[in-house]
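Thank you all for making the time this morning.

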Amino acid sequence: MAETAIRAGALPLRRRPSHRVARGIVAGLTALVALPLPALGAAPYPLACAYFRRDLDSYAHCARREDGMVRVAPAHLARMRFKRGLAELRVPGIGCLWVRRDGLALPVFMLDNGPDPFEQGLVRSWRDGKVAFYDRRLRLVLATPYDWAFPFNARGEALACEGCRSDGREPAAMVGGRWGLIDRTGRLVLPLAETDAADRRYFDRR
């Protein structure tokens, strides 16, 4: 009897799935398809990027924003060329960045179509919409209240401005506002003024 039932395709030890169970399976699959992409394991690096000094081709799924900075995917870190612990990167919509070997990247000023170089061990970036300076480990060293600043020169002074703006040209220049000189602690060594006194001292113009 049991042998005959098995040959006939019956399930002697368990019941066939009911229509109710089948409908539940279909409903579950439908809900799974409707889930947003991140829940299905989509790439966690939605930003494209281009490598400097190697090529400017754009690569997808390269980076993501992370707490005001950027995180680069490990697969791309393996292809980048590091010098003194940092590599250059460009991310559309963000700009130029310096990248550490662990993938943490800092958006910085652009200079000559590349990321701002380190001067006196510091690089210019932004923090809360104002100029800030970071060290080679991409740690914040100095946050300022200024709208623009030049790098620190050999005397440890940076030309900074309040209320200045871009003239909109390429390459752009900063115009207007009040200008002064700050030291590496952010202290004004030459007060803000609408004259060119700070400019002349910074660039050694007599």
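Let me begin with a question: which residue in β17 is the bridge partner of Leu-181? Before I answer, please bear in mind that what we are looking at is a predicted model, and that what I quote has been computed from that model. The partner of Leu-181 in β17 is Leu-190, and a further pair in these strands is Ile-182 with Leu-188, the latter again in β17. Strand β16, residues 178-182, is joined to β17 by three bridges, and the two strands run antiparallel. They form a hairpin with five residues between them, and in the turn Gly-186 has a positive phi of about 95°.

On its other pairing, β16 meets strand β13, residues 158-162, again in the antiparallel sense and over five bridges, with Cys-161 having Trp-179 of β16 as its bridge partner. If we now step back, these strands belong to an open sheet of four strands, ordered β12-β13-β16-β17, with antiparallel pairing. The edges of that sheet are β12, at 148-149, and β17, at 188-193, each of which pairs on one side only. As for β16, four of its five residues are buried, so this strand is largely enclosed by the rest of the structure.

The protein has four helices and 17 strands, and of its 206 residues, 35% count as buried. If we take the contacts with a separation of 6 or more, residues 24 or more positions apart account for 34% of them. The protein exposes about 13,300 Å², of which carbon and sulfur atoms supply 55%.

Strand β4, residues 86-91, is mostly covered, five of its six residues being buried. With β1 it pairs in the antiparallel sense over two bridges, and here Tyr-51 has Leu-89 of β4 as its bridge partner.

Is Ala-50 buried or exposed? Its relative accessible area is 7%, and because the cut-off for buried is under 20%, Ala-50 counts as buried. The C-alpha atoms of Ala-50 and Ala-60, which are 10 residues apart along the chain, are separated by 9.2 Å.

A residue whose side chain deserves a careful look is Arg-71, found in strand β3, residues 69-72. Its side chain and that of Glu-66 are joined by a polar contact of 3.0 Å, and the side chain of Arg-71 also reaches the backbone oxygen of Asp-102 at 3.0 Å. Leaving aside residues up to four places away in sequence, Arg-71 touches a set of residues that includes Tyr-45, Cys-62, Gly-103 and Leu-104.

There are also two backbone angles that I would ask you to inspect. Most residues other than glycine have a negative phi. Asp-67, however, has a positive phi near 55°; its place is in the loop between β2, at 58-66, and β3, and with a relative accessible area of 78% Asp-67 is exposed. Asp-204 likewise has a positive phi, near 55°, but this residue is found in the segment after α4, at 197-202, and Asp-204 is partly exposed, with a relative accessible area of 48%.

The largest pocket holds about 600 Å³ of space. Its lining is made up of 20 residues, of which Met-110, Leu-111, Trp-148, Pro-171 and Ala-172 are the closest to its centre. Both β7, at 110-111, and β9, at 123-127, supply at least two residues of that lining.

To close, I return to the pair with which I started, Leu-181 and its bridge partner Leu-190 in β17, and I would be glad to take your questions.

Terms used: Residues are numbered from 1 along each chain as its sequence is written. This is a predicted model: local features need pLDDT of at least 70, side-chain atom pairs count only at pLDDT 80 or more; totals for chains, interfaces and linings use all residues. Side-chain values use heavy atoms; hydrogens and water are left out. Buried means under 20% relative accessible area, exposed over 50%, partly exposed in between (1.4 Å probe, protein chains only). Two strands pair if DSSP finds at least two bridges between them. A polar contact is a pair of N or O atoms within 3.5 Å; within protein, one must be able to donate a hydrogen and the other to accept it, and residues adjacent in sequence count only if both atoms are side-chain atoms. Contact means heavy atoms within 4.5 Å. Accessible areas come from the Shrake-Rupley method with a 1.4 Å probe; for residues, only the protein chains shown count as cover. On a 1 Å grid over the protein atoms alone, a cavity is a set of points where a 1.4 Å probe fits but cannot get out, and a pocket is an open set with protein on both sides within 12 Å along at least five of seven lines; lining residues have an atom within 4 Å of a point. Grid points are joined across faces, edges and corners, and a volume is the space filled by probe spheres set on the points.
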